[in-house]
Amino acid sequence: MNPAKECIDTRRRQLCGTAGIALAASGLGLLGAPGGAQTPVAQPVTAAAGGYPPLERINAGLLEVAYADLGPAKGPPVILLHGWPYDIYSFVEVAPILAAGGHRVIIPYLRGYGATRFLAAETFRNGQPAALAEDAIALMDALHIERAVLAGFDWGARTADIVAALWPGRVTGLVSVSGYLIGSQAAGKMPLPPEAELQWWYQFYFATERGRLGYEKNRHDFAKLIWKLASPKWQFDDATFDRSAAAFENPDHVAIVVHNYRWRLGLADGERRYDAVEQRLATAPAITVPTITMEGDANGAPHPPPSAYAAKFTGKYEHRTISGGIGHNLPQEAPREFATAVIDVARMAI
């Protein structure tokens with residue numbers, strides 16, 4: 001494959017050329033895939049290097065969404081969704097691999113992150129999962145994308161899970177780190193064993209006004225602590241963290257994060273517009289689309305064991321545990337493996 005030939009859209013030619021150079025310089029590294037297929041991948045860039053072309057912006061639903069757009073415009077679409085407290089740079093090494101393989105890769109800043117903004121000042125700054133899922137659908141509609149592979153972790157995996165469960169006709173395939181993350185307020189009110197509750201310390205912190213003020217004042221150091229706890233073996237440097245931490249300066253970031261966690265505990269109301277969606281999610285619907293779930297072997301964040309959710313995926317399904325000290329931010333810690341899962345789940349749908 002000559003990646004340069006895939007760069008048919010002049011908006012993306014510069015980035016695709018970068019991906020092609022990386023492939024050529026690395027001798028076109030090959031990564032094994034199930035069934036004996038070989039997938040060309042770029043060698044990982046250094047932690048502080050790499051980036052995206054100038055961000056695109058589009059009005060979608062309640063938001064003006066800022067997003068990176070890589071790869072051929074007519075390639076099979078992939079939407080990559082980040083979590084908290086992370087941003088689009090979780091996929092900075094994944095995206096060129098997928099683009100070089102012919103995919104169009106869309107990586108949006110979620111509401112409350114980066115350059116994404118609400119269109120109206122009076123819109124409630126709602127962090128409930130149903131709202132983020134409808135944001136994803138609105139973005140697909142605005143970009144005229146009928147179906148796409150959805151892949152994500154943390155909030156992004158939950159969002160992708162919800163879209164796959166409720167709108168399966170819009171999802172070609174799903175890659176979900178930590179598996180089935182669909183919940184409800186009723187489920188969130190149920191107490192957990194003490195060790196599990198200890199892991200949710202920040203959720204309880206955000207339930208207080210002290211916590212909201214503390215996060216507002218210390219969001220940089222707070223997020224860095226979460227990175228360390230969630231990925232205890234990941235030796236990221238300050239430049240890598242600071243690049244993502246810039247996204248937390250969004251004026252709605254604190255409101256969205258605090259509302260998300262308060263809503264989960266039943267301590268904050270959502271919006272009536274999402275009631276029907278939440279009622280469906282409360283039944284824990286099965287996910288029928290082709291799916292690969294993933295887990296890092298050193299994930300320090302709260303996460304269920306794969307055996308607890310395997311039965312929720314009733315279509316083509318595979319689970320992969322990635323070894324080598326991989327933590328919660330799996331796409332950034334193991335980009336080759338994450339990109340391979342995206343490519344493989346797209347093949348599963350054929």
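Trainee: Which residues have the most contacts inside the largest nonpolar core?
Mentor: Tyr52, Leu80, Trp84, Ile107 and Phe338, in a core of 102 residues. A nonpolar core here is a set of buried Ala, Val, Leu, Ile, Met, Phe, Trp, Tyr and Cys residues joined through side-chain atoms within 4.5 Å. Buried means under 20% relative accessible area (1.4 Å probe, protein chains only), with exposed over 50% and partly exposed in between. Helix α4 (residues 129–142) gives the largest share of this core, nine residues.

Trainee: What should I know about the model itself?
Mentor: It's predicted, so local features need pLDDT of at least 70 and side-chain atom pairs count only at pLDDT 80 or more, while totals for chains, interfaces and linings use all residues. Residues are numbered from 1 along each chain as its sequence is written, and side-chain values use heavy atoms, leaving out hydrogens and water.

Trainee: Back to Ile107, what is it in contact with?
Mentor: Leaving aside neighbours within four places in sequence, Ile107 is in contact with Tyr52, Ala66, Tyr67, Ala68, Leu70, Leu80, Ile88, Phe91 and Ala95. Contact means heavy atoms within 4.5 Å.

Trainee: New topic: why is strand β8 largely enclosed?
Mentor: Five of the five residues of β8 (residues 148–152) are buried, so the rest of the structure largely encloses it. Strands are DSSP E runs of at least two residues and helices are H or I runs of at least four, numbered from the N terminus.

Trainee: Which residues sit on each side?
Mentor: Ala148, Leu150 and Gly152 are on one face, Val149 and Ala151 on the other. In a regular strand the side chains alternate between the two faces of the sheet.

Trainee: And which strands does β8 pair with?
Mentor: β5 (residues 77–81) runs parallel to β8, joined by four bridges, and β9 (residues 171–177) pairs with β8 in the parallel sense over five bridges. Pairing takes at least two DSSP bridges between the strands. Val149 has Gly173 in β9 as its bridge partner.

Trainee: Last one: where is the kink in α9 centred?
Mentor: On Asn218, with a kink of about 95°. The bend at a residue is the angle between axes fitted to the seven residues ending there and the seven starting there.
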